[in-house]
Amino acid sequence: MIAMLLAVFLGGTGAHRFYLHGKHDFLAWNYLLALLLFIFALIVTRGPHSWTISVLALFPISIYLGWIEALVIGLTPDEKWDARFNTQSGQTSNSRWPIAVLLVLTFAIGITAFLVSIARAIDLFLTGGAFG
């Protein structure tokens with residue numbers, strides 16, 4: 001549950017990967033780097049910029065990947081999760097309806113954000129941003 005909450009709300013920073021795999025996880029650092037690149041692109045778009053910078057500013061890749069990993073974490077069966085992450089602790093997972101609610105919300109928010117990004121990218125590409 002904690003890993004999924006971290007992936008949903010702080011997935012763009014790689015917090016869930018740091019929580020599960022520690023500070024030596026290569027992918028966690030890549031999440032953080034991609035988020036910093038996205039923030040840099042947002043800052044650069046205030047002035048004259050290229051189309052590439054606009055695309056980087058529209059698609060926060062690390063956040064989208066965090067939401068995808070939240071879905072993967074939430075859909076992992078408890079037995080498989082325990083075999084991978086709870087072998088040393090002796091605890092067993094008992095995910096119930098909160099996981100299902102988080103899965104539905106994560107999917108709804110993620111797909112909505114992605115579709116908005118695609119619509120804005122098409123607007124920028126075809127009209128130069130004439131519609132906003």
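I began with the order of elements: from the N terminus on, the chain runs α-α-α-α-α-α-α. I note here that the model is predicted.

**Overall dimensions**

I looked up the extent next. The C-alpha trace spans about 55 × 30 × 15 Å along its principal axes. I then asked what share of the 132 residues is buried. The value is 33%.

Residues 24 or more positions apart account for 54% of them.

**Charges**

I counted 7 positive and 6 negative side chains. The centres of the two sets lie 7 Å apart. Side chains of opposite charge can pair when their charged atoms come close. How many salt bridges does the structure hold? I find three.

Are D25 and R17 buried or exposed? Both are buried.

R17 has another partner. The side chains of E69 and R17 meet in a salt bridge, with 3.5 Å from N to O. This pair links distant parts of the chain, E69 sitting in helix α5 (residues 61-75) and R17 in helix α2 (residues 15-21). They are 52 residues apart. E69 is buried, as is R17. I therefore noted the cut-off as well: buried means under 20% relative accessible area. Taken together, R17, D25 and E69 are linked in a network of salt bridges.

**The pair in α7**

I moved on to D123 and R120. They form a salt bridge, and the closest N and O atoms are 2.6 Å apart. How far apart are D123 and R120 in helix α7? They are three residues apart in α7 (residues 97-127), so about one helical turn separates them.

D123 counts as buried because its relative accessibility is 11%. R120 has a relative accessible area of 27%, so I list R120 as partly exposed.

**N86**

I looked for N86 and found it in the loop between α6 (78-85) and α7. Why does N86 count as buried? Its relative accessible area is 17%, and the limit for buried is under 20%.

Two polar contacts of the N86 side chain went into my notes. One is with the side chain of D82, at 2.8 Å. Another joins the side chains of N86 and S93, at 3.4 Å. I then listed what N86 touches, not counting residues up to four places away in sequence. Which residues are they? They are W81, Q91 and S93.

**H21**

My last stop was H21, in helix α2. H21 counts as partly exposed because its relative accessibility is 32%. Leaving out residues up to four places away in sequence, H21 touches R84 and F85.

I also took the distance from H21 to N94. These residues are 73 apart along the chain, and their C-alpha atoms are separated by 21 Å.

Definitions and conventions
Residues are numbered from 1 along each chain as its sequence is written. This is a predicted model: local features need pLDDT of at least 70, side-chain atom pairs count only at pLDDT 80 or more; totals for chains, interfaces and linings use all residues. Side-chain values use heavy atoms; hydrogens and water are left out. A salt bridge is a side-chain nitrogen of Lys or Arg within 4 Å of a carboxyl oxygen of Asp or Glu. Buried means under 20% relative accessible area, exposed over 50%, partly exposed in between (1.4 Å probe, protein chains only). Helices (H or I, at least four residues) and strands (E, at least two) are DSSP runs, numbered from the N terminus. Contact means heavy atoms within 4.5 Å. Lys and Arg count as positive and Asp and Glu as negative; His and the chain ends are not counted. The place of a charge is taken as NZ of Lys, CZ of Arg, CG of Asp or CD of Glu. A polar contact is a pair of N or O atoms within 3.5 Å; within protein, one must be able to donate a hydrogen and the other to accept it, and residues adjacent in sequence count only if both atoms are side-chain atoms.
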